[in-house]
Amino acid sequence: MATATPKSPYEILGVPKGASADEIKKAYRKLAREYHPDRNPGDSAAEDRFKEVQGAYDLLSDPEKRKQYDAFGSANGRGGFRGANVNFGDFNVQDLGDLGDLFGGLFGGRGGRAGGGTSRAQRGADVEVEVNLSFEDSLKGVETKIPVTLETACSECHGSGAKPGTAPKICPECNGRGVVAESQGFFALSQPCPRCRGNGTVIEDPCPRCSGSGRERRTKRYTVKIPAGVKDGTRIRLKGKGEAGFAGGEAGDLYVVTRVQPSKLYERRGNDLVVDVPVTFSEAALGATVEVPTPDGQVSVKVKPGTQDGTLLRVRGKGAPKLKGSGRGDLLARVRVTVPKKLKKRERELLEELQKQSHEDPREALFS
């Protein structure tokens with residue numbers, strides 16, 4: 001009976017073979033959050049999927065391992081992958097015990113250790129929160145405190161899961177390896193230990209605060225410096241401020257996403273700011289000097305004679321601060337020629353006289 005072809009690590013993460021490191025990381029974070037054991041308690045299928053995703057990311061995030069994997073898959077027309085499994089030709093090898101170190105450098109899971117076991121330390125999940133800013137605060141930058149609710153190491157057992165004064169014990173079923181092996185001729189096929197579920201240790205006296213999970217949800221308040229010039233959707237990374245890792249793994253990162261309220265006065269174009277400046281017909285026709293608002297106060301701008309409606313007058317260095325590099329963008333004053341809704345008698349007479357004297361036909365180009 002035909003068997004299903006194991007998925008490649010690219011298929012597991014849902015990315016093409018030529019995906020960039022950032023694309024791989026983004027896909028991993030999305031799937032890790034979705035299938036994380038803490039969000040799917042008691043769901044063995046989700047836990048298996050999480051391990052599969054973790055294994056795929058561990059391989060593809062290492063440039064050397066990824067390079068060797070790509071070369072091996074191309075040479076053999078295969079490249080199947082199942083979490084800690086590796087597909088070699090017609091053999092499906094899963095944690096080969098003493099042979100594990102032989103292939104560990106090429107298809108390692110989360111790093112090897114003496115005796116053929118695997119390290120079960122896992123990085124904590126990243127967390128994303130939003131912060132609302134006024135348009136003015138986005139230009140000048142602010143310092144604010146943000147509450148974040150996340151999974152942290154239990155404050156009583158400090159993440160061990162064991163009651164204070166006790167400690168987890170080595171699993172008697174697998175002797176701390178986290179896997180049990182079944183001999184299949186030349187190869188030893190392994191599977192997660194059913195007693196410790198792959199952890200290598202068991203907790204006989206669990207912590208009363210976290211019930212042995214070693215984790216608890218807490219709300220922390222972080223002080224975040226929002227740099228001047230952020231836009232709506234800017235992501236600010238706080239390394240190590242995400243959820244706690246597992247089994248001594250490093251904590252994830254916290255990403256603060258800025259949500260900037262629209263300005264009633266300015267329109268933002270990259271680092272430039274656009275502001276509408278009303279001018280009268282006579283000012284546009286004869287020329288004038290008008291006052292224009294900027295984030296730093298008013299400036300005088302010269303309107304040349306014959307300026308048309310919609311013309312952009314550039315004021316350099318009066319736009320938004322640049323996040324990358326130094327300096328600021330420009331202010332673009334957009335001329336808006338106003339037409340009076342009511343005319344006094346003398347004004348009407350003057351405009352009628354101007355109309356008689358004018359030889360310009362603004363619609364001439366339409367019929368030429």
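Biologist: Which residue stands opposite L273 in β18?
Modeller: L331 does. This is a predicted model, where local features need pLDDT of at least 70, side-chain atom pairs count only at pLDDT 80 or more, and totals for chains, interfaces and linings use all residues. Residues are numbered from 1 along each chain as its sequence is written, and side-chain values use heavy atoms, without hydrogens and water.

Biologist: What makes β14 and β18 a pair of strands?
Modeller: Strands are DSSP runs of E with at least two residues, numbered from the N terminus. Two of them pair if DSSP finds at least two bridges between them. Seven bridges join β14 (residues 272-279) to β18 (residues 331-337), so they pair. They run parallel.

Biologist: How do you know that β17 and β18 pair?
Modeller: Four bridges join them, so they meet the rule too. These two run antiparallel. V315 stands opposite L331 there.

Biologist: Why is one side of β13 and of β17 left without a neighbour in the sheet?
Modeller: The open sheet has four strands, in the order β13-β14-β18-β17, with mixed pairing. β13 (266-269) and β17 (312-315) stand at the edges with a single partner strand each, so one side of each lacks a neighbour in the sheet.

Biologist: What makes A288, V290, V292 and T294 count as buried in β15?
Modeller: Buried means under 20% relative accessible area, with a 1.4 Å probe and protein chains only; exposed means over 50%, and partly exposed lies in between. Those four side chains point to one face and are buried, so each falls under 20%.

Biologist: What makes β15 and β16 a hairpin?
Modeller: Two residues lie between them. They pair in the antiparallel sense over seven bridges, and T294 stands opposite G297 in β16.

Biologist: Which residues touch the most other members of the largest nonpolar core?
Modeller: L273, V292 and L331 do, out of 20 residues. Such a core is a set of buried Ala, Val, Leu, Ile, Met, Phe, Trp, Tyr and Cys residues joined through side-chain atoms within 4.5 Å. The largest share, four residues, comes from β14.

Biologist: What does L331 touch?
Modeller: Contact means heavy atoms within 4.5 Å. Leaving out residues up to four places away in sequence, L331 touches Y266, L273, V275, V292 and L313, among others.
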